[in-house]
Each structure stands twice: as structure tokens, then as C-alpha cells.
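Please walk me through this structure in plain terms. I would like to know how its parts sit against one another.

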Amino acid sequence: HAATPGNGGSMIGNLAGLQVLSKQRCETLYNSIDKNHDGRVTMKELRKASYENEDFSALLNGKTLNKEGAKNLKDFLDKDGDKYVSREEWLMAFGFKVSEKKLTGMEAVMALPGIEEAFKVLKVTKEDFEAEAKDTFAVYDSNKSGAISIKELEKCLSDIAGEKVETWLLKKVFKGLDVDGNGKISRDEFYVLVAKAYVEEGKKAAKL
């Protein structure tokens, strides 16, 4: 985003070129600017802080923001274009890495492209899916550890196939399911796997 010098440009220069504050101070500054503590800093809050917040004013080299300057700065910081500056966007502007929130369980399932359409086509509710995935996971997770080991997977696949699964195939299947590579299949990984199967079944059914 382009910025007009003197209208937010000085801070943009600081943000783009220098990591001028510690992460803790960045967070403290964000909290002090975000007056209503909703995790969304507005253009109005940025402009007001340039007049009232000493730390923010210092970052602006003692300058205050006019309307255009506040807009330039908000546009620079607002990476997702939702018209607000989130805490993550603020920290990233100062060069700090922000870990993305990991979706878990049914959150991860419902975020999967095509899953809602698959549920409609297959006439399955979200609750039906969750119950089936939960029950199936419990069968695979025979020692109730909360994760499926390669030995547990081998037993289930062998039971399904009616014969012992070859080692190379077992390892290949397990590696594909163990998304984070920690040596076990978590409930979240299993739910997503089942959901992907639903999406494929939904696509087939939709063509009939």
C-alpha cells in the first residue's frame, strides 16, 4: 500500500525497516491503542492514539496522524483487508512471527472444501458424521491413548482386508495419515481423513 510521507509514512518506514520494539512492548502498545479491547484496531483508534498515546506518538517520531495518514497506516497494517488491524497483523508488521490458530476436530472438518455439499448430497448431518468418526476412531484406537499407533492401524487394516497387510503398504498408508509426522495419528488427523472420504463419496453421488 502506498503511503503519503508525513501522513503515516514515517511509522510505515519504521515498521518496514526496523524491529524497533520487543514483542512484549508491541503487544502492550497494541492493547493501549485498542481501547475497547475487541482485538480490532480501527482507523479512528490509530488516529486518536497518535494524539493521546506517548509510546505510539514516539513511534511516529512525534507526529500526529490526520485522516489520510491514519488511513494509509491502517491500509499498510491491514493485510487481510477486513478494515481492521488485528493483533496478529500488528505483530507481523514489526517482524514477529505469529503462529496460526490450528483448527481442531470438527472445526478442521467443516473448513474442508466441499464437505458441506457432501453432507447435503449424502443426506448426513454434522452430528451424524461426528458420531461415526468418533466411533470409528475408538475402534482403531484400541488402547484408548487418544491416538492411533502403526500397530493399531496394522491390526485394523488386516481385519478389514482379511489378511496381514504388507509392511511397505502399511508404512505408506501410515505416513499419509500422520500429517504432522509425530509417529501417531491424532483424532484431528483421523477426522479430516474421514471427511475427505465423505467429500469424494459426495462427488460420486452428485454425478449419479
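This is a predicted model: local features need pLDDT of at least 70, side-chain atom pairs count only at pLDDT 80 or more; totals for chains, interfaces and linings use all residues.

**Aromatic pairs and helix contacts**

Phe129 is buried, with a relative accessible area of 0%. Phe129 belongs to helix H9 (residues 126-140), while Phe119 belongs to helix H8 (residues 115-122), so their pairing ties together parts that are 10 residues apart in sequence.

The chain as a whole gives the setting. Its secondary structure comes to 12 helices and four strands. Of its 208 residues, 37% are buried. Among contacts with a separation of 6 or more, 58% are between residues 24 or more positions apart.

A search of the whole structure turns up seven aromatic pairs. One of them is formed by Phe56 and Trp90, whose ring centres are 6.4 Å apart with planes at 50°, so this pair is tilted. Phe56 is in helix H4 (residues 54-59) and Trp90 is in helix H6 (residues 87-93), and the pair links distant parts of the chain, 34 residues apart. What is the relative accessible area of Phe56? The value is 0%, so Phe56 is buried. Trp90 has a relative accessible area of 2% and is also buried. Together with Tyr30, Phe56 and Trp90 make up one aromatic cluster.

Rings also take part in arrangements with charged side chains. The charged end of Arg40 sits over the ring of Tyr84, at 3.9 Å from the ring centre. Lys79 lies over the face of Phe76, and here the distance to the ring centre is 4.7 Å.

Two further lysines can be read together. Lys74 has its place in helix H5 (residues 67-77). Is Lys74 buried or exposed? With a relative accessible area of 10%, Lys74 is buried, because the cut-off for burial is under 20%. Residues up to four places away in sequence aside, Lys74 touches Met43, Leu46, Lys83 and Val85. Of these, Lys83 lies in the loop between H5 and strand S2 (85-86). Lys83 has a relative accessibility of 63% and so counts as exposed, whereas Lys74 is buried. The phi angle of Lys83 is near 75°, a positive value in a residue other than glycine.

A positive phi is also found at Lys144, where the angle is near 55°, again in a residue other than glycine. Lys144 is in the loop between H9 and strand S3 (147-148). At 58% relative accessibility, Lys144 counts as exposed.

The next contact is between two helices. Two packed helices are described by the angle between their axes and the distance between the axes. Helix H10 (residues 150-161) and helix H11 (residues 167-177) pack at an angle of about 120°, and their axes are 10 Å apart. The crossing of H10 and H11 is right-handed. Which residues of H10 and H11 meet? From H10 come Ile150, Leu153, Glu154 and Leu157; from H11 come Leu170, Lys171, Val173, Phe174 and Leu177. The residues of this contact divide into seven nonpolar, no polar and two charged.

The C-alpha atoms of Val192 and Leu177 are separated by 9.4 Å, and the two residues are 15 residues apart along the chain. Val192 lies in helix H12 (residues 187-207). Its relative accessibility is 19%, so Val192 counts as buried; the cut-off is under 20%. Leaving aside neighbours within four places in sequence, Val192 is in contact with Ala108, Val109 and Leu112.

Definitions and conventions
Residues are numbered from 1 along each chain as its sequence is written. Side-chain values use heavy atoms; hydrogens and water are left out. Rings of Phe, Tyr and Trp (its six-membered ring) pair if their centres lie within 6.5 Å; planes under 30 degrees apart count as stacked, over 60 as edge-to-face and the rest as tilted. Helices (H or I, at least four residues) and strands (E, at least two) are DSSP runs, numbered from the N terminus. Buried means under 20% relative accessible area, exposed over 50%, partly exposed in between (1.4 Å probe, protein chains only). A charge sits over a ring if NZ of Lys or CZ of Arg is within 6 Å of the ring centre and within 35 degrees of the ring normal. Contact means heavy atoms within 4.5 Å. Axes are lines fitted to C-alpha atoms, for helices over the stretch in contact, and angles run from 0 to 180 degrees between N-to-C directions. A crossing is left-handed if the near helix is turned anticlockwise from the far one by less than a right angle, and right-handed if clockwise. Ala, Val, Leu, Ile, Met, Phe, Trp, Tyr, Cys and Pro count as nonpolar, Asp, Glu, Lys and Arg as charged, and the others, Gly among them, as polar.
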